[in-house]
Amino acid sequence: MSGARVELRSVVRHFQAGGERVVALDGVDLTIGSGEAVAVVGASGSGKTSVLNLMGALDRPSSGEVLLDGVELGSLGADGRAGVRRRIGIVFQQFRLLGSLSALENVAAPLVPATPSREARQRASAALEEVGLGSRARSRPGELSGGQQQRVALARALVVRPVLLLADEPTGNLDPFTGRGVLELLLGARERHGATLVLVTHDALLASELDRVVRLHEGRVASDRGSISRRASPTGRRRPPGRD
Ligand SMILES: Nc1ncnc2c1ncn2[C@@H]1O[C@H](COP(=O)(O)OP(=O)(O)OP(=O)(O)O)[C@@H](O)[C@H]1O
Ligand SMILES: [Mg+2]
C-alpha cells in the first residue's frame, strides 16, 4: 500500500470570531507526495492546525480545494468523507483518549462498528504491541504516563492502516526524551506502513529530520525547503546527529 498524495489548491479558511473575521489560511498551495514525510512549522496562530484539519477531512476550506489522491474532498458526500477519514490516522498534542475505556478499547475504537469485534481487538492488540505497550492493554488512560498515553494515541492512529498520518505537535506535552521516543515510533511506523506523514512541530531539530520543512507565516506558505536526506536515504529519513 502506498501513502496518499495530498494537495491544497488556493486554500483560504476564515472564521467568524466575536464579530471579527479571522483569516487562518490566506491562499495556501501545497502538494505532498505519496510517502513523503513533511514537517509543518511556524509561529503560534500561523495556521498549522488549520492545515492539518483540512488534510484530515475534519474541516472544509472557505474557498479553494483539498485533494487526496486526486479526489477533491468537497465533491464527496458525508459517506465519502467518512470513508476518507477512516484511512487517515491523527495524533493530537492532547492525546484525546477516552478515559472510561481501556487502552485496547481506545485503540480499537476507530474500527468500530465496521470491523467484527474479534478482528478489531486483534488489530488493536497488534498496534499496541507495535508501540511497545502490549502489556498495558487493560490499563485506562488515567493509569498511564503521558508518554504511554501518546503511544496509545499513536496505536489508535496506526490501527486503521493509514495512508495518511497526521500529527499535531504530538511531542509538545512530553519531556524531550519521551518526545523523542514517540517521534521515533512515528517515523518507524510511517516507514513500515508506507504512509504519507505530516507532522506539525515547534521543534526545529525534529523538523530537520523529515524530508521537507514547510514554514507557515500568517496563513501562507513562507518557505518550503526540501531536505537532502530524501536523496541520501531510500527511506527519506535522516539519522539524528551522533547516532550513526
Ligand atoms: N474555530 C476557530 N474560530 C476562530 N478562529 C480560529 C478557529 N480556529 C483557528 N482560528 C484562528 O486561526 C488562526 C490559525 O489558527 P491555528 O490553530 O491553525 O494556528 P496554529 O499555527 O496551529 O497555532 P498553535 O501553534 O498555537 O497551535 C489563529 O488566529 C486562530 O485564532
Ligand atoms: Mg495548532
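Biologist: What distance separates an oxygen atom of ligand 1 from an N or O atom in the side chain of Ser44, and why is the pair called a polar contact?

Modeller: In this predicted model, the distance is 2.5 Å. A polar contact requires a pair of N or O atoms within 3.5 Å; the pair at Ser44, at 2.5 Å, therefore qualifies.

Biologist: How do you know which atoms of Gly45 and Lys48 take part in such contacts with ligand 1?

Modeller: For Gly45, a backbone N or O atom lies 2.8 Å from an oxygen atom of the ligand. For Lys48, a polar side-chain atom is 2.7 Å from an oxygen atom of ligand 1. Both distances fall within 3.5 Å, so both pairs are polar contacts. The protein buries 63% of the 630 Å² that ligand 1 exposes when taken alone.

Biologist: Which elements give two or more residues to the shell around ligand 1?

Modeller: They are β1 (6-17), β2 (20-32) and α1 (48-55). The largest share, 3 residues, comes from α1. By class, the shell has 5 nonpolar, 7 polar and 2 charged residues.

Biologist: What makes a residue part of the lining of the largest pocket, and which residues lie nearest its centre?

Modeller: A lining residue must have an atom within 4 Å of a pocket point. The lining comprises 14 residues, with Arg85, Ile88, Ile90, Pro110 and Val160 nearest the centre. By class, 9 are nonpolar, 2 polar and 3 charged. The space in this pocket is about 370 Å³.

Definitions and conventions:
Residues are numbered from 1 along each chain as its sequence is written. Chains are lettered from A and ligands numbered from 1 in the order in which they are written. This is a predicted model: local features need pLDDT of at least 70, side-chain atom pairs count only at pLDDT 80 or more; totals for chains, interfaces and linings use all residues. Side-chain values use heavy atoms; hydrogens and water are left out. A polar contact is a pair of N or O atoms within 3.5 Å; within protein, one must be able to donate a hydrogen and the other to accept it, and residues adjacent in sequence count only if both atoms are side-chain atoms. Accessible areas come from the Shrake-Rupley method with a 1.4 Å probe; for residues, only the protein chains shown count as cover. Helices (H or I, at least four residues) and strands (E, at least two) are DSSP runs, numbered from the N terminus. Ala, Val, Leu, Ile, Met, Phe, Trp, Tyr, Cys and Pro count as nonpolar, Asp, Glu, Lys and Arg as charged, and the others, Gly among them, as polar. On a 1 Å grid over the protein atoms alone, a cavity is a set of points where a 1.4 Å probe fits but cannot get out, and a pocket is an open set with protein on both sides within 12 Å along at least five of seven lines; lining residues have an atom within 4 Å of a point. Grid points are joined across faces, edges and corners, and a volume is the space filled by probe spheres set on the points.
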